Amino acid sequence: MLVDSIGFFSEGHHQLCGVPMSCPECEELRKRIANLEKALEEAYKAECRLLEIEDKYQRHIENANSIIMRIDREGKILFINRYATELFGFANQQLVGKNLVGTIVPEVETTGRDLRDMVRDIGIHPERYLNNINQNVCQDGRIVWVNWTNKPVYNEQGEVEEIFCVGNDFTDFKNAEEKLAYIAFHDPLTGLYNRKMFMQQLDEALRQGYRYSGKLAVLFVDLDNFKKVNDTRGHECGDVLLSQVAERIRELVRDSDIVGRFGGDEFVILLVNPGEVFPGKVAGRVQQALATPYELPSGAVDYISSSIGISFYPEDATDAHELLRRADEAMYKAKNAGKNRFCFF
């Protein structure tokens with residue numbers, strides 16, 4: 001329409017001037033009009049290219065296999081792509097205009113971290129959160145871990161206007177990481193702490209005991225006649241019996257106490273802040289529980305008992321290895337005294 005108007009103006013000028021088209025003024029005007037028409041055509045083509053690029057960019061954003069989101073400094077969602085809405089199970093209108101907290105971000109992680117503080121801090125110090133991993137929550141309550149890359153967007157005054165976020169589902173990796181950590185510190189058969197983790201827990205308990213003048217007791221438990229089960233019933237039955245032993249011990253101790261398996265038929269119990277008579281009572285209950293017949297795939301076994309040695313912090317030792325060694329010595333003392341009993345160091 002604009003080009004047509006210019007053409008009309010060109011003809012009108014020629015008519016007004018009343019001279020042939022070779023008139024210098026008309027010739028100059030015609031050149032200027034031609035240049036303007038060319039500029040308009042180029043501008044139109046450029047606008048079409050921009051629209052095409054914008055449309056392609058929008059398709060890439062929507063079809064990306066990552067969460068793409070824009071938020072303001074208060075944590076309000078300005079934009080979120082289709083992949084994100086499908087991952088979290090929300091409709092777009094349920095998220096855009098809403099705050100992260102209360103939609104896809106829980107107030108507090110299962111780890112105990114307060115994510116309300118984190119979202120608030122991102123708006124104040126975005127440079128601290130160029131990359132972070134946190135829990136997110138889906139509409140059905142399912143928890144997912146997301147690895148976020150965040151880029152602050154600045155206005156002309158150099159102030160943070162919004163934050164561009166790209167996230168990738170990290171749940172499988174996080175679960176694998178937690179599984180590897182579990183395997184590294186737990187006995188695969190019974191699920192109890194292994195030697196390495198038990199010693200770490202004992203070291204920490206000793207530090208706390210020293211700091212707060214607390215007391216500890218270590219019970220070293222060794223099964224009597226266990227070899228007979230493996231020799232006559234097979235290792236499969238032996239494993240079933242060991243799993244039952246672990247369950248029975250777990251049921252007899254407090255949540256604050258720590259139970260581990262050192263391998264074979266050796267179990268250890270760390271009693272945190274026991275009473276003066278409490279370790280002996282626990283040892284008696286453990287002996288009674290472990291002497292109860294076991295139901296195995298091959299039939300019942302009624303000849304298992306236990307020998308238990310007990311050492312105390314700080315009376316017997318103040319070092320983890322020494323405390324454990326003295327409980328072990330007391331256990332052998334119980335074995336040599338006829339088994340199925342407990343002895344103090």
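This is a predicted model: local features need pLDDT of at least 70, side-chain atom pairs count only at pLDDT 80 or more; totals for chains, interfaces and linings use all residues.
I start with the chain as a whole. The protein chain has 345 residues, and 41% of them count as buried. Its secondary structure comes to 11 helices and 12 strands. The accessible surface is about 19,900 Å², and carbon and sulfur atoms account for 53% of that. On contacts, take those between residues at least 6 apart in sequence: 55% of them join residues at least 24 apart.

Next, a helix pair. Two packed helices are described by the angle between their axes and the distance between the axes. The pair here is H9, residues 235–252, and H10, residues 278–290. Their axes come within 10 Å and cross at roughly 145 degrees. The crossing of H9 and H10 is right-handed. Which residues make the contact between H9 and H10? From H9 there are Val245, Arg248, Ile249 and Leu252, and from H10 there are Arg285, Val286, Ala289 and Leu290. Sorted by class, that contact has six nonpolar residues, two charged ones and no polar ones.

Now the aromatic rings. A pair of rings is described by the distance of the centres and the angle of the planes. How many aromatic pairs does the model hold? The count comes to five. One of them is Phe170 with Phe173, where the ring centres are 4.8 Å apart. The planes of Phe170 and Phe173 stand at 40 degrees, so this pair is tilted; stacked would need planes under 30 degrees apart, and edge-to-face over 60. Phe170 has 18% relative accessibility and therefore counts as buried, the limit being under 20%.

Another pair is Phe312 with Phe344. Their ring centres are 5.8 Å apart, and because the planes are at 20 degrees, the pair is stacked. Phe312 belongs to strand E11, residues 305–313, and Phe344 to strand E12, residues 342–344, so the pair ties together parts that are 32 residues apart in sequence. Phe344 is partly exposed, at 37%. There is also an aromatic cluster, formed by Phe198, Phe220 and Phe262.

Last, three single residues. Lys151 sits in strand E4, which covers residues 143–154. With a relative accessible area of 55%, Lys151 is exposed, because the cut-off is over 50%. What does Lys151 touch, leaving aside its neighbours within four places in sequence? Its contacts are Glu162, Ile163 and Phe164. For Ile163, the separation from Lys151 is 12 residues in sequence and 5.6 Å in space, C-alpha to C-alpha.

Asp319 is in the loop between E11 and helix H11, the latter being 320–336. E11 is also the strand that holds Phe312. Asp319 has a relative accessible area of 40% and is partly exposed.

Glu86 is exposed, with a relative accessible area of 58%. Between the C-alpha atoms of Glu86 and Cys138 there are 9.6 Å, and along the chain these residues are 52 apart.

Note on methods. Residues are numbered from 1 along each chain as its sequence is written. Side-chain values use heavy atoms; hydrogens and water are left out. Axes are lines fitted to C-alpha atoms, for helices over the stretch in contact, and angles run from 0 to 180 degrees between N-to-C directions. Helices (H or I, at least four residues) and strands (E, at least two) are DSSP runs, numbered from the N terminus. A crossing is left-handed if the near helix is turned anticlockwise from the far one by less than a right angle, and right-handed if clockwise. Contact means heavy atoms within 4.5 Å. Ala, Val, Leu, Ile, Met, Phe, Trp, Tyr, Cys and Pro count as nonpolar, Asp, Glu, Lys and Arg as charged, and the others, Gly among them, as polar. Buried means under 20% relative accessible area, exposed over 50%, partly exposed in between (1.4 Å probe, protein chains only). Accessible areas come from the Shrake-Rupley method with a 1.4 Å probe; for residues, only the protein chains shown count as cover. Rings of Phe, Tyr and Trp (its six-membered ring) pair if their centres lie within 6.5 Å; planes under 30 degrees apart count as stacked, over 60 as edge-to-face and the rest as tilted.
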